[in-house]
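Me: Can we go through this model together? I have the file open and a few quick questions.

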Amino acid sequence: MTNPSLLILPGDGIGPEVMAEVRKIIDWYGANRGLAFDVTEDLVGGCAYDKHGTPLHDDTMAKAQEVDAVLLGAVGGPKYDNLDFSVKPERGLLRLRKEMDLYANLRPAQCFDALADFSSLKKDVVAGLDIMIVRELTSGIYFGEPRGIIEEGNERVGINTQRYTESEIDRVARSAFELAMRRNKKLCSMEKANVMESGVLWREVVTEVSKDYPEVALSHMYADAGAMQLCRWPKQFDVIVTDNLFGDLLSDAAAMLTGSLGMLPSASLGAPMANGRPKALYEPVHGSAPDIAGQGKANPIACILSFAMALRYSFDHGDEATRLEQAVEKVLADGYRTADLLGEEGKQPVSTSEMGDAIVAALDASL
Ligand code: NAI
Ligand code: MG
């Protein structure tokens with residue numbers, strides 16, 4: 001048996017800093033759990049542009065297509081702000097998502113008890129929260145044609161088109177149902193079928209797919225009502241599936257129920273490969289944080305939890321993913337805080353590498 005393969009793309013800014021901590025975790029699993037990965041590291045974003053004149057070299061793209069999973073840090077920074085749109089760091093990330101056809105974006109909103117005070121909502125509303133939003137990522141209004149700004153009569157008109165094919169809805173719905181089966185068998189689909197035809201079709205197709213998952217309790221909600229319910233009582237949800245636009249808004253809103261950007265992981269999944277594993281890219285939600293880059297201040301937990309998602313969704317080691325999440329929970333409960341997790345003055349934050357080391361120590365203690 002060959003080891004599963006992992007392509008690591010640290011990227012720019014704090015990307016390499018948080019990824020260095022993930023490397024400690026990966027090494028720990030190799031040394032202590034017999035879980036060895038074939039890891040290759042490469043460039044994406046501004047650093048790739050500096051070396052190759054493109055934010056994602058063709059060879060890197062080809063590698064990403066071959067490996068079992070890609071783990072990315074973050075891209076971008078002020079140094080690259082004036083580059084042409086076609087070579088901006090973000091284009092590297094967009095190319096990965098597009099060519100790997102990663103249509104299901106998984107964004108957990110999970111509240112660690114030790115951070116419940118950090119939420120803008122009341123503690124009892126968020127404590128213990130653990131929900132997952134599945135956002136369709138490759139179609140919908142961000143991609144639909146026609147689009148553009150045209151002249152009509154004597155004024156300009158801005159146009160975008162919401163367009164979903166049956167197969168696009170079907171495949172993301174299946175990802176969401178599969179996820180619901182692994183979790184609590186509860187799925188809420190959100191659209192605006194009351195005012196949008198694409199929403200009517202969305203509701204029909206999701207309902208059709210549900211016949212293949214009779215154990216999953218499916219409900220439907222209009223996305224605006226869903227936004228309200230997410231703020232009112234988020235624990236009523238388990239898995240939510242929605243389109244690209246609503247998913248963009250709802251997942252950002254849900255994420256903030258739980259505190260800092262430095263805590264939020266994500267997974268983007270595509271179709272199953274020959275080995276049965278989905279095409280997969282794991283990355284923290286945050287960007288390259290140029291304001292704190294190079295200072296050892298970054299919170300590595302978002303990237304570490306992204307690796308936990310890789311363990312669960314690409315490598316079928318849900319038990320080991322849980323071990324890692326519990327190690328994170330433990331260091332937080334023990335009071336370890338990077339600067340972003342410190343609301344009040346006077347407390348001394350831990351550095352990026354101290355946080356990584358504390359999580360490794362908690363993993364040791366879990367054996
Ligand atoms: P950002 O997420 O990089 O930073 C927003 C704020 O959150 C900053 O104050 C930052 O210090 C803080 N922050 C972010 N991650 C943190 C962490 N792990 N630990 C502690 N604090 C953290 O978003 P911003 O400032 O809008 O963008 C900065 C650069 O990153 C831009 O070039 C942008 O294009 C790029 N970007 C890249 C993304 C990606 O690679 N997926 C996503 C978002 C932005
Ligand atoms: Mg967004």
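Reply: Start with D101, which has a positive phi of about 55° just after helix 4. Helices here are DSSP runs of H or I with at least four residues, strands are E runs of at least two, and both are numbered from the N terminus. This is a predicted model, where local features need pLDDT of at least 70, side-chain atom pairs count only at pLDDT 80 or more, and totals for chains, interfaces and linings use all residues. Residues are numbered from 1 along each chain as its sequence is written, while chains are lettered from A and ligands numbered from 1 in the order in which they are written.

Me: Which residues of helix 4 are buried?

Reply: P89, R91, G92, L93 and L96. Buried means 20 or more other C-beta atoms within 10 Å of the residue's own, exposed means 12 or fewer, and partly exposed is in between, with C-beta atoms placed from the backbone.

Me: What do they pack against?

Reply: Helix 2 (46-52), helix 3 (58-66), strand 3 (69-74) and strand 12 (278-284). A contact needs two C-beta atoms, placed from the backbone, within 7 Å.

Me: New topic. Which residues does UniProt list for "binding site"?

Reply: The unreviewed entry lists R97, R107, R135 and D224. UniProt positions follow the numbering used here, feature names are shortened, and annotations may be inferred rather than shown by experiment.

Me: Why don't they all gather at one spot?

Reply: They span 128 residues in sequence, and the farthest two C-alpha atoms are 27.4 Å apart, so they do not all gather at one spot.

Me: Where does R97 lie?

Reply: In helix 4, residues 89-99. R97 counts as partly exposed because it has 17 C-beta neighbours inside 10 Å. Leaving out residues up to four places away in sequence, R97 touches L102, L137, S268 and L281.

Me: And R107, buried or exposed?

Reply: Buried, since 23 other C-beta atoms lie within 10 Å. R107 is in strand 4 (residues 104-110). With the sequence neighbours up to four places away left out, R107 touches I133, R135, S251, A255 and S266.

Me: What about ligand 1? Which residues come nearest?

Reply: G76, G262, H286, G287 and N299, out of 22 around ligand 1. Near means a C-beta atom, placed from the backbone, within 6 Å.

Me: Last one. What are the domains?

Reply: Domain 1 is 1-103 + 263-367, and domain 2 is 130-256. Those bounds come from an automatic or database domain assignment. Eight residues from domain 1 and seven from domain 2 make the contact. The centres of domain 1 and domain 2, over C-alpha atoms, are 26 Å apart.
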